[in-house]
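Below is a briefing on selected local features of one model.

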Amino acid sequence: MKSQDTKNLWEEQILPYWSHRDRPAGHRFLGSIRIKQKASEQLLDIVGQNLQQLDRFSYDSLQDRFYELEQNWLKILTVALSEYAYYYSSDRFWQGFCERLNINHNQGVEHTFRRVVDEGINLLGLVRAKGGYKYVSTLWLQSGVPEQNLVHFAQLVQEIAEEYGWWELAHTSDEDLSQLLLSICQEKHLQWCTLINFLKSSYSEDPETEPISGQLLQGIAIVAQELERKKASPQALEDEKQREEILGNYYLPHNFFLRNWNALTQVLTPRSGSSQSRGIITRRSKPLLLSLDIDDSLNTQLLLPEQVLWKPEWRNLRGTYCRIPQAKWEDTIPTAGDLIIPELIIEVNQASENWNCQMLDHNRQNLLEWHYKGISSDLPCLVFDALTGEHLPLNLSQPAIIAVDEVFCFTPKDIQPEFANGIEVLDSYIPSSIQGWRGRLIRLTTPESSIVLTIPETNHSQLIIWKLVRSDEPVFTGLRLTGKNTIYLEPPTFWYPPINQTLDINVLVENITERYIVARTIESLSSSNRWVAIKLTQWITEPGCYEARFWFDQKRWSYRFEVKSKSQISGITPLNKPQISSDSGFSEADLPIKHDTSHKFWAEVIKLEGLWPLEEVILCLSNGNEKIPYQLQADASGSLRIHLSTLYDLLPNSDLYALDYQRLGLEPQRLVQMQTLPQDVNWTWTSQAIHLSGLLLGKLYSLSCWNLLLPDLEPVEIKIPLIEQGTTTTEVTLNLPPGIYHIQLVSSSSQALPENLGWWCGSGRYDLPEDIEGDEAKENYCYTILGNSESKESFIAAVNQLKLDFDRQQIEARIFTLENNQYYFPAWLNQDSLLGKVKGLLEILSLPVAAPKLPINVSNTRPPIEPSLPLVGGGNWYLVSVRSKKRDLFLKHLDIAIKQNNLQKLIFKIKIPQDLVYKDMVLLNLSNFRTAYDHLQKIECFQSMERRPLQLEQVSRMLGNQ
């Protein structure tokens, strides 16, 4: 055979049929070459005929005879060996292969074939077996179960399925299933030597071993479940074309393939009655883990998970004791049954290139050993996820932190990491349990940044890349609780990266606890330059443990998680209501106490009784321009006296004073206030302006103009010039775009404002804002408002189509002004028609909020790394996380920042969630996410803010209103 012949044979008759050819090197299986047995026989004949022509059989003679740059002869020979291993494999492998090729067999020939296999595996990027025979086991592994053992394998699968059930097998890890197959086969069918050899090559304690047998069993269990669910016959799987079409719709393991299904059709045939089902107890040792104790000490710890172990060679040790000295644990090996090791924690005090622990018997002989790769001297750095405490290993050749936005970074004290732009240091000094080390809590505020470590001994620098997401990988995210367990307070969301064409993704959601399918569907994602969301809220409606799977073609993702509701989380015991009185004779029923002179205000003494013993209460003194927060503590009996005279020097003289108090976790409440100069503002309208009188000298005023035609935009602000001495009336020109406006008078220095002035319109019947030009849905919404004859129902339908959200209190205030004839409208606009439509908003705002199954809307499905969309009405609610046990301190600094930076129009409201689970969280009502985030990240104790706004029902639930 000439070089051109080997090239044609490989490129035309083999390579096109190899489905794994595009997989990464080290993840390919030759058994995925889809050729019939007849073609395999022809391949073996061709190889045999060419090898018979060699005078001397050696690796060098093969090179001399068939050499070419691509080494196609080496690939073909490796495929031939793999096909022989599948169809004819036996314990006399090399001798049998030589007999099939009709060539002489001797040690030299065996040595040559082993070298061919070794180089062929590297050249083709094949998976290598970690156990068994070095080369033969790898060849057995290529096609899964050898053809001559399929009947035995089918019998083994049936025995296991009858004992455990398809559901349990489909939801057990493939590593555990590989161990189960091997142990049961050795226990019941010791005579099946070739099958046992295959199962051994597919199972190892080494985590790098590919658990092919377990993936086969798991995939068969998934297929069996689907067939039973559809009440379909497995006979269709015998036909290759039908099989490919059927299996393409199932969530199968990545390396699942079976070349011959004939022996399994009987096993997969649905049977009447339910088979026995019980949990699988895996006796595979679980690996050692490294983590950070984020719940308490912030110490670095080695964690040995709870595990059930047994090895046949331990049978003579029953009744003797064993121990794990590193964890200070010891126990007796039971006289019957398995050895159970509880979860063990080992504090890490020294840096090491390799951490390990051993289980020793009573003679100090090593029974089992666990290892965890430690710290490299070239990269002395430990990184932990701040949310879970999980260790994030760094690849020495290309160190990178991916898909987390906040981490703990520990280094030796003599190394000062350099953080590039986009990394915020939240805490610059965190003590470490590792001697001579220190940590930092840092957050990524941009999509990508980097950290530079310079090693003092070598002056060598290491660059660590930090990315919030991988641009080619989905993100699974939601409102998750801190800790190593994956627990969400609401169903999470699957985010898929931008795509340039329509993509159909299979979705399977299962309730793991109750063992039933919640949803089995196909989601069609439209092309978009933004991330696209698949929200699990449309299927998951109750607490429980779930598994969500997403897949198409060769891509697949699986997530197991728990969803908890408020009813499952112990809430705060309702606080007893304090009794409030004053020395001037006022009681709680009179709150807020009102005084008309500053003398009376500063002379007031207020007493609070019924607080918790030594409870801390936040007080806030304000004068309209400034706010001074501070804390006082109740005495041992729960009483607190507040002498306002002691606060006299805290604020400059003013015509307005107020004192609020707030108990932790509750809303602020006004105790006492004083305003000496009540304001009497009057106004009149024209078609072009508003005339205001009664404004105070030296005060800053502005008009806030909200356009009903553009309700999702922020109100337009018109600043009013300072009132000069002698000026009684001020004219403010209303140079506004087309629209119907509700206008308020806002003062930066008076708590009596904003004042609702009323409604105004200065545009024509058919004038539309430029912002909606070309948007048919928004144009329809505007015409239902502008048309007096348009019904309330058509207006509400237009509102629902745009999914607009309105603040109920603001709508009620705007209705009040319209009912009291506070408006200026041109003749074409009917006040009664508009009033009826606006009142209609109250009807839909009073309806209970459901979780509708909405189609994907690009405008509100940004990826987790993008800021929120423009807000509707008065603002959106966001959930802010603060440092552990630092919420009170954060709130103090937040109040100061609002005062110093005039953020009242940015941060509308501050609420404290009720449940203990939210003890380190705050709810903020914001007008703009991006601007607010820029301010918040500068405030001490701030950690993070959810980028997606909360729904009103979520806010209500978190505040304990449901």
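Lysine 328 sits in the loop that connects strand E4 (321–324) with strand E5 (329–332); helices (H or I, at least four residues) and strands (E, at least two) are DSSP runs, numbered from the N terminus. Its phi is positive, about 55 degrees, although lysine 328 is not a glycine. This is a predicted model, in which local features need pLDDT of at least 70, side-chain atom pairs count only at pLDDT 80 or more, and totals for chains, interfaces and linings use all residues. Residues are numbered from 1 along each chain as its sequence is written, and side-chain values use heavy atoms, with hydrogens and water left out.

**Loop residues with positive phi**

- Lysine 328 counts as exposed, at 79% relative accessibility (buried means under 20% relative accessible area, exposed over 50%, partly exposed in between, with a 1.4 Å probe and protein chains only).
- Asparagine 102 is not a glycine either, yet it has a positive phi of about 60 degrees.
- The loop between helix H5 (93–101) and helix H6 (107–124) holds asparagine 102, which is exposed with a relative accessible area of 57%.

**Five-stranded sheet**

- Five strands make an open sheet in the order E19-E25-E24-E21-E22, and the pairing is mixed (two strands pair if DSSP finds at least two bridges between them).
- Strand E19 (487–488) and strand E22 (516–525) are the edge strands, each pairing on one side only.
- E19 runs parallel to strand E25 (residues 555–563), joined by two bridges; isoleucine 487 stands opposite glutamate 562 in E25.
- Strand E24 (residues 544–552) is largely enclosed by the rest of the structure, because eight of its nine residues are buried.
- Strand E21 (residues 503–511) is antiparallel to E24, with six bridges between them; valine 509 has alanine 548 in E24 as its bridge partner.
- Nine bridges link E24 and E25 in the antiparallel sense, and glycine 544 stands opposite valine 563 in E25.
- Two residues separate the strands in the hairpin of E24 and E25, where aspartate 553 takes a positive phi near 45 degrees.

- The order E43-E44-E42-E45 describes an open sheet of four strands with antiparallel pairing.
- Strand E43 (907–911) and strand E45 (942–945) are at the edges, each with a single partner strand, so one side of each has no neighbour in the sheet.
- From one strand to the next, the twist averages 30 degrees (axes are lines fitted to C-alpha atoms, for helices over the stretch in contact, and angles run from 0 to 180 degrees between N-to-C directions).
- Strand E42 (residues 876–882) and strand E44 (residues 921–926) run antiparallel and are joined by six bridges; asparagine 876 has leucine 926 in E44 as its bridge partner.
- Helix H20 (residues 887–901) lies across E42, E43, E44 and E45, at about 160 degrees to E43.

**Packing of H17 and H19**

- Helix H17 (residues 792–802) packs with helix H19 (residues 831–845) at an angle of about 55 degrees, and their axes are 9 Å apart.
- That makes H17 oblique to H19 (under 35 degrees counts as roughly parallel, over 145 as roughly antiparallel, 65 to 115 as roughly perpendicular and the rest as oblique).
- Residues making the contact include Phe795, Ile796 and Val799 of H17 and Gly840, Leu841 and Ile844 of H19 (contact means heavy atoms within 4.5 Å).
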